[in-house]
Amino acid sequence: MSSKMLFYVLKRVLLALLTIWIVITVTFFVMHAVPGGPFVGEKAISKEAQAALEAKYGLDKPLMTQYVTYLRDIVTRFDFGPSLKQRGRQVVAIIADGMKTSARLGVIAALIATVTGIVLGAVAAIRRNTVLDKVIMVITTAFVSMPSFIMGTLLLIIFSVHLGLLPANGAAQGGLILPVITLSLYPMSYITRLTRSSMLDVLGQDYIRTARAKGVSRAKIIFGHAMKNSLIPVITYVGPMLAYIVTGSMVVEQIFAVPGIGRQFISSIINRDYTMIMGTTIILASLIVIMNLVSDILYKIVDPRIEFE
Amino acid sequence: MLNANKPFSLHLDPKLFEPATEEEKAYISRMRPSSTFFRDGCKRLLKNKVATVSMILILLITLAVIILPMVWPYSYESMLGVRPGKPVDSSYNNLAPFTWGKTELKRMEEGEKLFPHIFGTDGHGRDYFIRVVYGARISLAVGFFASIIVLLIGMVIGSVAGYCGGKVDIIIMRIVDIIYSLPDMLVIILLAVVLGKTLNVEGTILEKIGSNVISMFIVFGLLYWVSMARLIRGQILSLREQEYVLSSQATGAKGGWIIRKHLLPNCISVIIISTALQIPNAIFTESFLSFMGLGVNAPMPSLGSLASEALNGITSYTYRLVIPAVVICLIVLSLNLFGDGLRDAFDPKLNA
């Protein structure tokens, strides 16, 4: 690793840490700017009871003290405090609980999207301007223009309401199939288009022509020469794909009643469970920032032609 | 040379003053009127069938959502079964397409002609067709205005960063980097939750739009300008090295003038293309937020909130979900295809 590279990685890591800190700060102050506080609006609550509740959760201290405590607990103990509505449970525990389902959902969806996307994109590029290519492009264009909640509900109508093939409830046996499909269609279409255009780019390069002139077989040209270089742009999409899957899973989990982190997030918004909202936002945001960082650094390592700023 | 035959003579060659022959005239006559960059682009755009069809579709939808609510006999918020002083007539709730409620049937027997409920009514007895039209209106309006906001902020900041360079550029670009790496959807949800509660617009002109829509605009304005700013900065960085900028500076023009008169008009095609592609993006976000209940305020429909309301009756009233879904896909798809067509037609990089 050159020193230039090291400098770049260091810079990006610092920027990522700064971003995470900003997310924590913004989340904290924005949530505390909501008028009324978390305990207003519940069933008639006496002044004393409210004061006691606020003292229990440390809400009676000055804002800056609360902020410093919050930040210190996160950094030193990875502690986001107790949930305000699910009595007796820590935010981290609840999130870890939901994460088990959501992570499985997300990872499977991401894998399916990447593999099928690359295959379809490569096929479309190799067979460009044929009927097959046109069909792939039309379908992926349609999928890219379809919000995830529409996709999810349409799949729900077709496969579980009308055909009765798959369960509509995500907790049931095989219930994750529809959510995974819903979640993977958009990134799959995106990767298909990305792979197709970069593959077309690569196939037009001189070294491909040279290989062809030497008499290298078609399969060897595609898999040995073209594939590697045309996959580089796909690496940059890993970060955004994760961001999409995180937000997409909120909708998908809501539609299919999957007991995951996205559904918890939505219900904590509805219940005004402030510590949950803050904790989930910060953890998911950090996850996205870190994934972006990894995919950006990977991109530069894989392709030495790219210059470091 | 005055005279080709006698190089040292000062006599003019009379041949030079003869009228031009037909051949020479044909040489200088214009084959066709000269074309501008804009006209060239339009011609290319119209040749692209997909883009033209999408453009017509967008225009039709836009006209429909503007005109239809004015002439339609039902309004999006009036519950047809509710009349002052009488018990609620539940026969109006969940009407199937092209059917009528009890009192309407009576009036029709008496010979009155009534307008059909093309898509029936929803669970509260509101005409569903006009709700879909109104929802499309809200979605399009949010998409359009959000993109304008993004465009304005991005244009100002991007051109300042690009033109000034140096420290100003570095500071602005660091801020852009940080906002760019923020996970936008999460921040949008967070701000939508909070702003929806904190913004107090009652009693102002903004009341009709609703605090949630305004918070959406604020969020768009805060977060989405960064890519536009980056784009314009890049354009300006290369344009400001051109000679005409130097000449303008030499004659004493101020920075603002140069940016407005020379630099921005030269990156107009990039600006238009990315604004066009920003609109479907904003519509996506709006419908996502409305679907989660963070979008438009209650009686007002948007395509996202219509779809999420329809989820409850998904087995018996499937069409109520399918209709807004189709409309939203149609709008986003045609905007995307039109934006792609615009890029193909106007991107100067491809013409070179």
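**Reading a two-chain predicted model**

Trainee: How many residues does the contact take from chain B and from chain A?

Mentor: In this predicted model, two residues are in contact if their C-beta atoms, placed from the backbone, lie within 7 Å. Counted in that way, the contact takes 32 residues from chain A and, from chain B, 30 residues.

Trainee: Which helices of chain B each supply at least two residues of the side that touches chain A?

Mentor: Helices (H or I, at least four residues) and strands (E, at least two) are runs assigned by DSSP and numbered from the N terminus. On the side of chain B that touches chain A, the elements that each supply at least two residues are helix 6 (166-181), helix 7 (184-198), helix 12 and helix 14.

Trainee: How many nonpolar residues does that side of chain B have?

Mentor: Here Ala, Val, Leu, Ile, Met, Phe, Trp, Tyr, Cys and Pro are nonpolar, Asp, Glu, Lys and Arg are charged, and the others, Gly among them, are polar. By class, the side of chain B that touches chain A has two charged residues, six polar residues and, as for the nonpolar ones, 22.

Trainee: What pLDDT does chain B average?

Mentor: Residues are numbered from 1 along each chain as its sequence is written, while chains are lettered from A and ligands numbered from 1 in the order in which they are written. Because the model is predicted, local features need pLDDT of at least 70 and side-chain atom pairs count only at pLDDT 80 or more, whereas totals for chains, interfaces and linings use all residues. The pLDDT is the predictor's confidence in each residue, from 0 to 100. In chain B, 89% of the residues score at least 70, and the average is 80.

Trainee: What are the ipTM and pTM scores of the model?

Mentor: Both scores belong to the model. The pTM is 0.78, and the ipTM is 0.75.

Trainee: Is Asn129(A) buried or exposed?

Mentor: Asn129(A) lies in the loop between helix 4 (91-126) and helix 5 (131-144) of chain A, and it has a positive phi of about 65° although it is not a glycine. A residue is buried if 20 or more other C-beta atoms, placed from the backbone, lie within 10 Å of its own, exposed if 12 or fewer do, and partly exposed in between. Because Asn129(A) has 8 other C-beta atoms within 10 Å, it is exposed.

Trainee: How does Ala257(A) count?

Mentor: Ala257(A), in the loop between helix 11 (238-256) and helix 12 (261-271) of chain A, has a positive phi of about 55° and is not a glycine. Because Ala257(A) has 16 C-beta neighbours inside 10 Å, it counts as partly exposed.

Trainee: Is Arg240(B) buried or exposed?

Mentor: Arg240(B) has its place in the loop between helix 9 (225-239) and helix 10 (243-250) of chain B. Not counting residues up to four places away in sequence, it touches Gly162(B), Tyr163(B), Val245(B) and Leu263(B). Because 20 other C-beta atoms lie within 10 Å, Arg240(B) is buried.

Trainee: How many of the eight residues of helix 13 of chain B are buried?

Mentor: Ala307(B) is one of the buried residues of helix 13, which spans residues 303-310. The buried residues of this helix pack against helix 6 (148-162) of chain A together with helix 5 (128-164), helix 12 (268-291) and helix 14 (318-346) of chain B. Helix 13 is mostly covered, and of its eight residues the number buried is seven.
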